[in-house]
Amino acid sequence: MTTHGPLFEGATEQEAARLLERARRRSFDAGEVVFHAGDPADTLHLIQRGRFAVRVTTEFGDVATLNVMGPGDFFGELALLSPQTPRSATVIAVEKAETLSVHELDFSRLRTERPQTADVLIAILAAQVRRLSTHLAEALYVPADTRVRRRLLDMTAIYGEGAEVTVPLTQEELASLAGTSRATVNRVLREEEEYGTLTLARGRTRVVDSVGLRRRAYP
């Protein structure tokens, strides 16, 4: 079982355990929506198995993938800070998956009983701020080609470990993750295929040399 240790960094193990004791196990089928953008925010989800995609609809009607998350990650954290605020994105299970869900009412009761539980919320929000700050800095100052390589590396960590990892995302989805165009993603992936770091197939990318890919992603 996923322990979510890194998630609770900065909070005591005791308080993290107390929060997880209040959690409910939820299962999702592939393609099942956890919540839609605009739904009331009332639940934090800690991913135990499977993967989830965070998606938004742009003003032009296109669906963009903002993030893909796996075991050890979390989503819906604003429910603990600002309950009933509308969700800003839609989260969908991309395969059979399972979470531990904590309702904001359970968290509020626990925080009333034990004010120290606020440390868990602080740790959760700090982790999210670190991630968003890194991606914002990259969007402003890192070339699109490099962002594509970095997001592909991120996805290899989400989808597996070892010398070879298959990332079952389309080039459109990788483009959304990297904040660039599909044409740029296609060009970068073709370049990497020539370098021998990956092989391309319809709707998926098989990374066979993550070390070589990382050298160009983090020069």
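Colleague: Which residue is the bridge partner of Val54 in strand 7?

Modeller: Val91. This is a predicted model.

Colleague: What makes strand 4 and strand 7 a pair?

Modeller: Pairing needs at least two bridges. Strand 4 (residues 52-57) and strand 7 (residues 90-93) are joined by 4 bridges, so they count as paired. They run antiparallel.

Colleague: Where do they sit in the sheet?

Modeller: The order is 2-7-4-5, in an open sheet of 4 strands with antiparallel pairing.

Colleague: Why are strand 2 and strand 5 called edge strands?

Modeller: Strand 2 (33-35) and strand 5 (63-69) each pair on one side only. Neighbouring strands of the sheet are turned by 30 degrees against each other on average, direction ignored.

Colleague: How do you know that helix 5 and helix 8 are in contact?

Modeller: Contact means heavy atoms within 4.5 Å. Helix 5 contributes Thr146, Arg149, Arg150, Leu152 and Leu153. From helix 8 come Ser210, Leu213, Arg214, Arg216 and Ala217. By class, that is 4 nonpolar, 2 polar and 4 charged residues. The helix axes come within 9 Å and cross at roughly 140 degrees. The crossing is left-handed.

Colleague: What makes Asn67 a lining residue of the largest pocket?

Modeller: A lining residue has an atom within 4 Å of a pocket point. Asn67 is one of the 48 residues that line the largest pocket, so it meets that cut-off. Asn67 is also among those closest to the pocket centre, as are Met69, Gln128, Arg131 and Leu132.

Colleague: Which element supplies the largest share of that lining?

Modeller: Helix 4, with 12 residues. The lining as a whole divides into 28 nonpolar, 11 polar and 9 charged.

Terms used
Residues are numbered from 1 along each chain as its sequence is written. This is a predicted model: local features need pLDDT of at least 70, side-chain atom pairs count only at pLDDT 80 or more; totals for chains, interfaces and linings use all residues. Side-chain values use heavy atoms; hydrogens and water are left out. Helices (H or I, at least four residues) and strands (E, at least two) are DSSP runs, numbered from the N terminus. Axes are lines fitted to C-alpha atoms, for helices over the stretch in contact, and angles run from 0 to 180 degrees between N-to-C directions. A crossing is left-handed if the near helix is turned anticlockwise from the far one by less than a right angle, and right-handed if clockwise. Ala, Val, Leu, Ile, Met, Phe, Trp, Tyr, Cys and Pro count as nonpolar, Asp, Glu, Lys and Arg as charged, and the others, Gly among them, as polar. On a 1 Å grid over the protein atoms alone, a cavity is a set of points where a 1.4 Å probe fits but cannot get out, and a pocket is an open set with protein on both sides within 12 Å along at least five of seven lines; lining residues have an atom within 4 Å of a point.
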